[in-house]
Amino acid sequence: MVSRPSELISMHLIQSFVLSSVLPAALIVGAAYQALMAMNGPDGFSRAEQLAEIRAEAEADLLALQERQASLEARADRLVLASLDDDLLDERVRANLGHMRPGEYRIAVAELDEVASLEVSTSAALTSLIATALLDQGA
């Protein structure tokens with residue numbers, strides 16, 4: 001089937017237009033879309049940076065927890081009867097059971113102002129009372 005020369009020229013012009021204009025434009029749009037998805041898509045670079053920040057925070061939390069665990073393990077090791085630390089035992093007994101040494105007084109922090117307003121014979125006694133109350137609050 002032989003076409004007329006004007007039809008061949010028209011086909012050639014259309015083919016030339018598509019190959020020289022439409023195809024490169026479509027390739028540029030496609031490449032731009034792929035680049036945009038690489039940057040901002042669900043698996044893109046931005047998401048990778050967010051996940052890296054989340055991972056860094058989680059690793060910092062893990063490190064803090066591991067340090068806390070090591071501290072607690074060291075403290076538990078000191079509570080073994082074979083190597084019991086007398087100072088730690090005394091501290092825990094005093095804190096948990098409320099035991100006091102002779103001459104010590106336990107004053108609730110809420111009552112500290114009231115005690116401070118009382119007349120005490122010597123300032124050393126008042127200082128001792130306040131120090132005892134503050135130590136008890138810290139335990």
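This note goes through the fold, the surface patches and the charge pairing of the structure.

1. Basis of the model. The structure is a predicted model, in which local features need pLDDT of at least 70 and side-chain atom pairs count only at pLDDT 80 or more, while totals for chains, interfaces and linings use all residues. Residues are numbered from 1 along each chain as its sequence is written, and side-chain values use heavy atoms, with hydrogens and water left out.

2. Overall fold. The protein has 5 helices and 0 strands, where helices (H or I, at least four residues) and strands (E, at least two) are DSSP runs numbered from the N terminus. Along the sequence this gives the pattern α-α-α-α-α. Among contacts with a separation of 6 or more, 21% join residues 24 or more positions apart, a contact being heavy atoms within 4.5 Å.

3. Burial and surface. Of the 139 residues, 8% count as buried; buried means under 20% relative accessible area, exposed over 50%, and partly exposed in between, with a 1.4 Å probe and protein chains only. The protein exposes about 11600 Å², of which carbon and sulfur atoms supply 62%, the areas coming from the Shrake-Rupley method with a 1.4 Å probe and, for residues, only the protein chains shown counting as cover.

4. Salt bridge. The count comes to 1 salt bridge, defined as a side-chain nitrogen of Lys or Arg within 4 Å of a carboxyl oxygen of Asp or Glu. Glu59 pairs with Arg55 in this way, the closest N and O atoms being 2.9 Å apart, and both residues lie in helix H2, 4 residues apart, or about one turn of the helix. Glu59 is partly exposed because its relative accessibility is 43%, whereas Arg55 is exposed because its relative accessible area is 58%.

5. Negative patch. Glu49, Glu53, Glu57 and Asp61 gather on the surface in a patch of negative charge; patches take residues with over 30% relative accessible area and no salt bridge, joining like charges within 9 Å and nonpolar side chains (Val, Leu, Ile, Met, Phe, Trp, Tyr) within 5 Å. Lys and Arg count as positive and Asp and Glu as negative, with His and the chain ends not counted, and a charge is placed at NZ of Lys, CZ of Arg, CG of Asp or CD of Glu. Within this patch, Glu53 belongs to helix H2 (residues 45–78) and counts as exposed because its relative accessibility is 53%.

6. Nonpolar patch. Met11, Ile14, Phe17, Val18 and Val22 form a nonpolar patch on the surface, with about 480 Å² of accessible area together. Phe17 lies in helix H1 (residues 5–40).
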